[in-house]
Amino acid sequence: SHSAGFEAWMRSRGDSVTTFTAENAAEQFGVVKSSYEAVPLPSIRAYQARVKSLGKPKESLELVCEPIPQALEWGEVLVSMRAAPLNPADLYDVQTGGPHGIEALKTPFIAGNDGVGTIVKVGPGVKNLQEGDWILPFTPHLGTWRSLAVVKEKDTLKIPVDLMPMEYAAMMRELCVAYRLLEDYGNLRPGDTVILNAANSTVGQVVIQLCHLLKLRSVAVVRDLGSMDRVAPWLKTLGANEVLADTGSLKKELEKHKYFAKPKLALDCVGGQSAARLADTLDDSAPLVIYGCMSGRAPSWPWNQWVFKQMQVNGFNLRKWMKTNKKKIPDMMEAIAKLVNADKLRVTHTEYELGTEFDEALDHAMEEGRSTKILLKVKDIGVTY
């Protein structure tokens, strides 16, 4: 029949065709308020870390207690944030209003991109969430540094309850980034070498441990802030084969250490000269993957890296990957959860209570050379009025 043929054609198009549904219409044009009944919410003033103006985090951030909305409208849910990390990207948002290429965030706004929360109430039109579900932010800039949040269902990602400890679920983005970098790049085999900078970061710690599990060798590169005698042994306990200071020629340092296995993959989140130093060590045609730029300086390489070594440079952004690979997300998270729950992946972290210890958490997050992830935990959601 005509309809059967049309359906077969639609299936053959796969994801390249967008079907316009009632949900699309509701999202694009909204839903008339008189057509549904809003869900009332209790009168609570919730804690939130608000950015009052762009600039230095200590001067721009303030912890306030503000009323949550009076009701949930169409497609909205009330989320109790349980844990949220203080990441360099969050502090960058506070200083600049967000990454280059997107519309700058307008102050005041609530800081925080990552975290884990539980659903407290669901509003009208919510289909896939219910009270008690665990969720992660699916879109950036949801403002996770707060105790209670009203957000759209479509902006969340549901994960299985008790998938892993709350603290690790809050760091899911870093865990997934490390997993994908090794899964998708370099066509690595046991015995191959991976070199990475900012190796004491959360992603760096996880990459080193995954390399050890996969029988890959890792060269950890870190800034020398006078604590190499402490950082180097610690990274080696995680599985790093070599630990080098991010200065001078890494290639010559490896030769001095009689380490002649040229890296098959380089992972850069610093940029500038640090990325160039990584590239200098690579084997011919080996990829360098950029997944961040903590220095704020774009990397550049001499022409012979391109012409004679045929270096490949790739960029990676987890949120974009997740948007185009939604079906792969559950399996990826399940694989990571198995490793975390088996105590094969560990991330050093320090917890602070949002309502009473936010200033201390911010001070710790801004310390140079720290090797611990800073997490805001929420036990006190606020006050009723």
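This is a predicted model: local features need pLDDT of at least 70, side-chain atom pairs count only at pLDDT 80 or more; totals for chains, interfaces and linings use all residues.
Which helix gives the most to the nonpolar patch? I found that helix 11 (residues 303-307) does, with three residues; helices here are DSSP runs of H or I, at least four residues, and strands are E runs of at least two, numbered from the N terminus.

Residues are numbered from 1 along each chain as its sequence is written, and side-chain values use heavy atoms, leaving out hydrogens and water.

Back to the patch: I listed W303, W306, V307, F308 and V313, with about 550 Å² of accessible area together (Shrake-Rupley, 1.4 Å probe). Patch members have over 30% relative accessible area and no salt bridge, and nonpolar side chains are joined within 5 Å. V307 sits in helix 11 and counts as partly exposed because its relative accessibility is 48% (buried is under 20%, exposed over 50%, partly exposed in between).

Next I looked up D114, in the loop between strand 6 (109-110) and strand 7 (116-122). D114 counts as buried because its relative accessibility is 7%. Its side chain makes a polar contact (N or O atoms within 3.5 Å, one able to donate a hydrogen and the other to accept it) with the side chain of N87, at 3.0 Å.

Methods
Buried means under 20% relative accessible area, exposed over 50%, partly exposed in between (1.4 Å probe, protein chains only). Patches are made of residues with over 30% relative accessible area and no salt bridge: like charges are joined within 9 Å, nonpolar side chains (Val, Leu, Ile, Met, Phe, Trp, Tyr) within 5 Å. A salt bridge is a side-chain nitrogen of Lys or Arg within 4 Å of a carboxyl oxygen of Asp or Glu.
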